[in-house]
Amino acid sequence: MANGVGGVGVLPPVDEAEVQRVLAELDAMVGMAEVKAKTLALLASLRARRDRYEHDRSFPSETMHMIFSGAAGTGKTTVARLFARLYRALGLLSQGNVVEVTPSGGIFDPDVGRTGQNMQSLIEGALGGVLFIDEAHTLGKRDRADSPAMEAVRELVPMAWNHRHELVIILALRPDAVDDVLSMDEGLPRRFPLQGRLHFPDFTQAELWLILLRALNRDGWVLEPSAEEPLRALLRRRSSLPGFGNAGGVDSLVGEVLQFHDAREGSRPGVLEPGDLPPVVVQRPEHIRQAQE
């Protein structure tokens, strides 16, 4: 709770200006119409949660934990950070911080018992804020009863319930893994209720193009009109490849374009022309030679 971890008392006033700033930042993000709509519904629910506490000093038994499903680069991490600020602005969390971790990068340990300790330490360290577990689909691996994934879930389930009023846990995972993860323990669906599950779809071509233009404009680059169609073609080609990564793939493509621009003799500073763009189809001489042979 906002007045101290585990404490009971008067909630701080709602910071309405911050609530509106968070909503404006979310609204300015490209795409994600469903996420934005569900956020407004969630906001109404959170206000009701706060009102109930102020009326009878009790919170609903439902947790505030969430599941974000979607491919890489669809905005899950950015939205998690916005939600941390939103919960704090509403006085439901004492901190606006986000602890970010992946199972393989901070939870799993081959030594029996260590994974559970890692999960416990992460949850305790995130109290008052948000614990964002990215790539949480790896929690769905249960090849053995003593596997790190099972150990992590066994620790997560009771702590997610015991700290449900002073912590928000967000699991970010692939859409096809949601059921696998929730079936790891019968208590998980109750810890992560339906109203807290948001799906982040892949960006459309039009949305990827807008993200690309914003990235260029943010850094002060000017795109010559004659370079627009070649750059669109390059984006279409790259985004059709496996593992492109949505917004993350756009960032990588922008970096590649700028490197190509800087390496071309005669390129104009801050201006992208058709000659500054890498080829749509990359030719690899060694592969061509092998095919000819």
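Asparagine 118 counts as buried, because its relative accessibility is 17%. Buried means under 20% relative accessible area, exposed means over 50%, and partly exposed is in between, with a 1.4 Å probe and protein chains only. Asparagine 118 sits in helix H5, residues 114-126. Helices here are DSSP runs of H or I with at least four residues, strands are E runs of at least two, and both are numbered from the N terminus.

What does asparagine 118 touch, leaving aside its neighbours within four places in sequence? It is in contact with Gly106, Ile107, Phe108 and Asp109. Contact means heavy atoms within 4.5 Å. Now look across the chain. Asparagine 118 and leucine 234 are 116 residues apart in sequence, and their C-alpha atoms are 43 Å apart in space.

A word on where this comes from. This is a predicted model, in which local features need pLDDT of at least 70, side-chain atom pairs count only at pLDDT 80 or more, and totals for chains, interfaces and linings use all residues. Residues are numbered from 1 along each chain as its sequence is written, and side-chain values use heavy atoms, with hydrogens and water left out.

Now the whole chain. It has 12 helices and seven strands. Of its 293 residues, 46% count as buried. The C-alpha atoms fill a box of roughly 70 × 50 × 25 Å, taken along the principal axes. Take the contacts between residues at least 6 apart in sequence: 73% of them join residues at least 24 apart.

On to the cores. In soluble globular proteins, nonpolar side chains tend to be buried together. A nonpolar core is a set of buried Ala, Val, Leu, Ile, Met, Phe, Trp, Tyr and Cys residues joined through side-chain atoms within 4.5 Å. The largest one here has 34 residues. Which of them touch the most other members? They are Met66, Phe68, Val79, Phe83, Tyr87 and Ile170. Several elements give two or more residues to this core: H1, H2 (33-56), S1 (66-70), H3, S3 (130-133), S4 (168-173) and S5 (197-200). H3 gives the most, with eight residues.

Pick out phenylalanine 68. Setting aside neighbours within four places in sequence, its contacts include Val79, Phe83, Phe132, Ile170 and Phe200.

Next, helix packing. Two packed helices are described by the angle between their axes and the distance between the axes. The axes are lines fitted to C-alpha atoms, for helices over the stretch in contact, and angles run from 0 to 180 degrees between N-to-C directions.

Start with H1, residues 16-28, and H3, residues 76-89. They pack at about 160°, with axes 9 Å apart. H1 and H3 are therefore roughly antiparallel. The cut-offs are these: under 35 degrees is roughly parallel, over 145 roughly antiparallel, 65 to 115 roughly perpendicular, and the rest oblique. The crossing of H1 and H3 is left-handed. Left-handed means the near helix is turned anticlockwise from the far one by less than a right angle; right-handed means clockwise. Among the contact residues are Val19, Val22 and Leu26 of H1, with Val79, Leu82 and Leu86 of H3. By class, this contact has seven nonpolar, no polar and four charged residues. Ala, Val, Leu, Ile, Met, Phe, Trp, Tyr, Cys and Pro count as nonpolar, Asp, Glu, Lys and Arg as charged, and the others, Gly among them, as polar.

H2 also packs on H3, at about 20°, with axes 12 Å apart. H2 and H3 are therefore roughly parallel. Their crossing is right-handed. Val35, Thr39, Leu42, Leu43 and Leu46 of H2 meet Val79, Phe83, Leu86 and Tyr87 of H3. That makes eight nonpolar, one polar and no charged residues.

The angle is about 45°, and the axes are 10 Å apart. H9 and H11 are therefore oblique to each other. The crossing is right-handed. Here the contact has 10 nonpolar, one polar and no charged residues.

Last, two backbone angles. Methionine 32 has a positive phi of about 60°, although it is not a glycine. It lies in the loop between H1 and H2. Is methionine 32 buried or exposed? Buried, because its relative accessibility is 5%. Glutamate 135, also not a glycine, has a positive phi of about 55°. Its place is the loop between S3 and H6 (148-162). Glutamate 135 counts as partly exposed, because its relative accessibility is 35%.
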